[in-house]
Amino acid sequence: MALVELFLLISAVNAGLTAQPPNILFVLADDMGQWAAGTYGNSEIKTPNIDKLAKEGVKFDNAFCNTPVCSASRTSYLTGRLPSQHGVHDWIAGGNGCGQNPPIFYSREETTYTDVLAEHGYVCGISGKYHLGDQQQPQHSFSHWFVHQSGGGNYNNPPMVRDGQCVHPDGYISDIITTDAIEFISDTTKTGKPFYASVHFTAPHAPYTGSDGKADSMHPKEIVDQYSNCNFSFLPQEQMNRYANYTGGLTRECLGNRQCLLGYYAAVTAMDNNIGRLLSTLDQLNIAHETLVVFASDHGFNAGQHGLWGKGNAVYPLNMFDTSLKIPLIFRHLGVLESHVQQSNVQVIDIAPTLLDYVANLTFPKKINIAGRSFKDTILQKTNVQSPVYGEYGQTRSIRMNDTKLVTRLTGQTEVFDLSKDPKESKNAVNDPAYWAKRTVLENNMREWFSFVEDPMLSGWSLPVTGTGQLESIVYNRTGHTTKPLFNPVYNNHEITSS
């Protein structure tokens, strides 16, 4: 890009935002692997609206979550911090509200980017899944609050919270969430104030089928029928992973099960239809060019890959496969961001500082140790930055540098993958002398980085995180306010499923 063009782009963002910062529409999927969209190479799945966003915006091919499980990753999205900084290490199993007593506000001590946006004039609203505890109470400067009561569940007549009340609105959840978000966007636009709208779908999280085992008992039949002739060749169902027996029953239920595949694809397409409704609303309100649209997922997902159905907690010991970590990520700002495919490595912890920097050159308070970095200049200048990517899930940690990934565990199971030769991570090269020098470099880098960012009181390296759910706030536990267990134990139970 010529220097003059670059100057004009940066000037357009900075000068334009001084007068009126852009609205933000942040759309978050749940359990959606990067592979689950047409724009990322899946020719079977129908995602025309996600594909449209990618065509008109910046699509990231190398975007990763830091923790491949729901609540931990969602807290990192909001704070720009790792679980060993904010203390949410697993999916929230205790204290969600609506009958779970006492409710627990897990991120009470954190400052989120929505807090900063609200301080600078944004009206913040959320419609959909929150799952960070105490769902009956609005948190982190959201003035509009319509959220799921927990983390997942039936797609029809779903359990939601509106105005502090636990309700079950009629209809299909993706439609319900979108209708609420459209009302918030429309109402806030009339005030002339910039809005931040979190639209957090529960799709394509399980359940994929109804009680009869059929996808069209859970998801719209007309959408399920669109896949009646699909052979799902994009998702070969590999032999069951030997460690899947130590987790919930999703792999046992869904591996090789056509109805689960139908339900997963249908949930994605139903969500995509509603993304189309959101984009049409921006057009109808004549604010499409005034709104930054972000699409992402909380983490990746395996739907047969590695012989698993699930994410990081689909096995125990917890995994850090790319299919669990890689997420779809798209930024679209019409007239400002030039459409391109971005190869830079970015992480979930980078999202919060990037949004603040992008919309109004804002930052978190200096006293807060933010692990992420802004990639605003990267997407404006179309540069390629191959920074290390870090991951942690309790006593499992990972680092990715260039084409090599190291996974270490307190229990000792170590993995080294050469992603240039083995992109599907099928061969552990830990015992190959050719990689010993690289392993040492990666180990030293990871050790130094975590020692710089982690809070020793909240470090997951010393906590019994099993992937079966977090029961209590670590902050409350370590300060003597509770002696309750922090996490569920490892189980081998077909009845329990993770969020």
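A disulfide, throughout these legends, is a pair of cysteine sulfur atoms within 2.5 Å. We're looking at a predicted model, where local features need pLDDT of at least 70 and side-chain atom pairs count only at pLDDT 80 or more, while totals for chains, interfaces and linings use all residues. Residues are numbered from 1 along each chain as its sequence is written, and side-chain values use heavy atoms, with hydrogens and water left out.

**View A. C254 and C260 are linked by a disulfide.** Their sulfurs sit 2.3 Å apart. The torsion about the S-S bond is -60°, which makes this link left-handed. Both C254 and C260 are buried (buried is under 20% relative accessible area, exposed is over 50%, and partly exposed is in between, using a 1.4 Å probe and protein chains only). As a reminder, a disulfide is a covalent bond between the sulfur atoms of two cysteines.

**View B. C98 and C166 make up another disulfide.** Here the sulfur atoms are 2.0 Å apart, and the link is left-handed with -95° about the S-S bond. C98 belongs to the loop between α4 (83–86) and α5 (113–119), whereas C166 is in strand β7, so the bond ties together parts 68 residues apart in sequence. (Helices, H or I of at least four residues, and strands, E of at least two, are DSSP runs numbered from the N terminus.) C98 is partly exposed at 23% relative accessible area, and C166 is partly exposed too, at 34%. A search of the whole structure turns up two disulfides, and with the bonded cysteines of the protein chain numbered in sequence order, the pairing reads 1-2, 3-4.

View C. C65 is buried, at 2% relative accessible area. Another buried cysteine is C124, with 1% relative accessibility.

**View D. Ten strands line up in an open sheet with mixed pairing.** Reading across, the order is β7-β6-β5-β4-β8-β1-β9-β12-β2-β13, where two strands pair if DSSP finds at least two bridges between them. At the edges are β7 (165–167) and β13 (340–342), each pairing on one side only. From one strand to the next, the twist averages 15°. Inside this sheet, β2 (residues 58–60) and β12 (residues 329–332) run antiparallel and are joined by three bridges. V58 has F331 as its bridge partner in β12.

**View E. Helices α3 and α11 lie across strands of the ten-strand sheet.** Helix α3 (residues 70–79) lies across β1 (23–29), β8 (195–200) and β9 (291–297), at about 165° to β1. Helix α11 (residues 351–360) covers β1, β9 and β12, running at about 5° to β12. Contact means heavy atoms within 4.5 Å; axes are lines fitted to C-alpha atoms, for helices over the stretch in contact, and angles run from 0 to 180 degrees between N-to-C directions.

**View F. A four-strand open sheet is antiparallel, in the order β15-β16-β17-β18.** Its edge strands are β15 (389–393) and β18 (415–418), each pairing on one side only. The twist averages 10° from one strand to the next. Six bridges join β16 (residues 396–401) to β17 (residues 404–409), with T396 standing opposite R409 in β17.
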